[in-house]
Amino acid sequence: MSDTALVADEQRLIDRVQAPDGQGRDVPDAATREVIGRAPLHTVADLDDAVARAKAAQPAWEALGHEERSAILLRAADAIEENAEALARLLSREQGKPLNGPNARFELGACAAWLRTNATTPLEAQTIVDDESGRASLFYKAAGVVGAIGPWNWPLMIGIWQIGPSLRMGNTVVVKPSEYTPLSVLAMVAVMNEVLPADVLIAVSGDREAGARLASHPDIAKVMFTGSTATGRKIIESSAGNLARLTLELGGNDAGIVLPGADAQAIAQDLFWGAFINTGQTCAALKRLYVHESIHDEVVAALAAVVEQTPIGNGLDEQNVLGPLQNRAQFDIVKRLVDDAVAAGGRVVTGGAPAPELGELFFQPTLVVDVADGVALVDEEQFGPALPIIRYSDVEEAIASANGLDAGLGASVWGDRAQALEVAPRLQAGTVWINQHGGLHPLVPFGGVKASGYGLEFGVEGLKAVGVPQVISG
């Protein structure tokens, strides 16, 4: 398809979901800051109406049964694939991630893959007791209406993580996208609604007040939220009145430990993408790297070589694989943390400053060494393209540092596999990767511990999490 046709397809998607002329809120291109379109400004009253419609539609959707719902979800995955390139272009502009690399096109592919897995993963009743004393079986039924509150970093993929299993289990879903990336989510929902029954999936483009109402609404049975720990705490408070079940995937400050004897050249590329995927704007990205003193300099040099060879720029340029920060607030956080690290004695190996020649919100991919625990860049989640590398002398010291923060989403261990498998169980994280970081699979459960949230997503456990258990005895 020609570029002209792709642009036209993207604009048709925008026109389907944006507010009428003179209404709504302007949504900028993350790279150029030009206006892409106008996000509707739905009110709390609009959200209440959406929940009422979803509640009314839920019994019939559940009554279709798993087989028919799965068939419909597979058609929804087909619809996403048919519109994948236009959606990827819109996502690239609104969120900032490039089309290529593990970015916008990758995200659309993941949407279809996760949705198909949600549709086809069997969830069988579990027989608990079957003997002379009787028989008891455990089933999972729909919860009701699910409120899905999404983030701006992976708005479509994480949206599907919330939507797909919820719909498969017979729930209806009201989606509230981030104020930063509403158009791409609204467009994906519109595409899915070409095949879904009316009011099974509804998107409401509102502000934080709408999000708070969604979490506290008396007809919301389940809330799924991905975002900051601070907002997660507010959602817990908001949901106290309706006792909604919660799945919270909150902030992370993932640690990686490189063991003595690791092959620096062999792991450099995977370390880079573990840290800099989506320009570092990923909850489960590698955000602090502890490297044994015997190979510290070698690892830093190998990583720096990868950073310096990686193209950054406007996401619609096919050669780029790193983009801008999505918004000014996040840009300011990254700049503050890097500047603070330098002031504390940290040494910038590469990057270390904004890149205004590329655009307003671009920041050079940055490696900082000669820092330690207690420096803000190490202790706070940077959520951007800046990785602190901390030298250690004893593995026990590295484990203590990795566990020393309240975050516990992911972690990784690099080096000899047998040695890494001895270290991994001692790390306080929901997922620990060996010689990789951040890799996810639609059948492998994923969730955090400590202040990184609770509840599991993906696979059979993810389906159970958006259902309610029922035991039938006798």
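**The second largest pocket**

Three helices, H5 (104-120), H6 (155-168) and H10 (264-276), each supply at least two residues of the lining of the second largest pocket. Helices here are DSSP runs of H or I with at least four residues, strands are runs of E with at least two, and both are numbered from the N terminus. The model is a predicted one, in which local features need pLDDT of at least 70 and side-chain atom pairs count only at pLDDT 80 or more, while totals for chains, interfaces and linings use all residues. Residues are numbered from 1 along each chain as its sequence is written, and side-chain values use heavy atoms, with hydrogens and water left out.

The second largest pocket has a volume of about 430 Å³. It is lined by 24 residues, and Phe 106, Ile 277, Gly 438, Gly 439 and Leu 440 are the closest to its centre. A pocket is an open set of points on a 1 Å grid over the protein atoms alone, with protein on both sides within 12 Å along at least five of seven lines; a cavity is a set where a 1.4 Å probe fits but cannot get out, and lining residues have an atom within 4 Å of a point. Points are joined across faces, edges and corners, and a volume is the space filled by probe spheres set on them.

By class, the lining of the second largest pocket has 15 nonpolar, 7 polar and 2 charged residues. Ala, Val, Leu, Ile, Met, Phe, Trp, Tyr, Cys and Pro count as nonpolar, Asp, Glu, Lys and Arg as charged, and the others, Gly among them, as polar. Domain 1 (3-250 + 452-473) and domain 2 (255-434) each give at least three residues to the lining of this pocket; the bounds come from an automatic or database domain assignment.

**The largest pocket**

The largest pocket has a volume of about 1100 Å³. Its lining counts 35 residues, and those nearest the centre are Arg 208, Phe 225, Gly 227, Ser 228 and Thr 231. Domain 1 (3-250 + 452-473) and domain 2 (255-434) both contribute to this lining, so the largest pocket lies between them.

Helix H8, strand E8, helix H9 and helix H12 (328-343) each supply at least two residues of the lining of the largest pocket. H9 has the largest share, with 6 residues. Divided by class, the lining of the largest pocket holds 14 nonpolar, 13 polar and 8 charged residues.

**The six-stranded sheet**

Strand E8 also belongs to an open sheet of 6 strands, with the order E7-E6-E5-E8-E9-E17 and mixed pairing. Strands E7 (201-203) and E17 (453-454) stand at its edges; each has a single partner strand, so one side of each is left without a neighbour in the sheet. Two strands pair if DSSP finds at least two bridges between them.

Within this sheet, strand E8 (residues 222-226) and strand E9 (residues 245-249) pair in the parallel sense, over 5 bridges. Lys 222 stands opposite Arg 245 in E9.

**The three-stranded sheet**

Another open sheet has 3 strands, in the order E3-E4-E18, and its pairing is antiparallel. Strands E3 (126-131) and E18 (467-473) are at the edges with a single partner strand each, so one side of each has no neighbour in the sheet. E3 and strand E4 (residues 134-142) run in the antiparallel sense and are paired over 5 bridges. The bridge partner of Gln 126 in E4 is Leu 138.

**Cavities**

How many cavities of 30 Å³ or more does the structure hold? There are 3. The largest cavity holds about 70 Å³ of space. Of its 14 lining residues, Ala 255, Arg 288, Ala 402, Gly 410 and Gln 428 are the closest to the centre. Strand E10 (254-258) and strand E15 (410-414) each supply at least two residues of that lining. The lining of the largest cavity has 7 nonpolar, 5 polar and 2 charged residues.

About 50 Å³ of space lies in the second largest cavity. Helix H6 and strand E6 each supply at least two residues of its lining, and H6 gives the most, with 4 residues. The residues that line the second largest cavity include Ala 148, Pro 155, Gly 159, Gln 162, Ile 163, Val 175, Lys 176 and Val 185. By class, the lining of the second largest cavity divides into 7 nonpolar, 4 polar and 1 charged.
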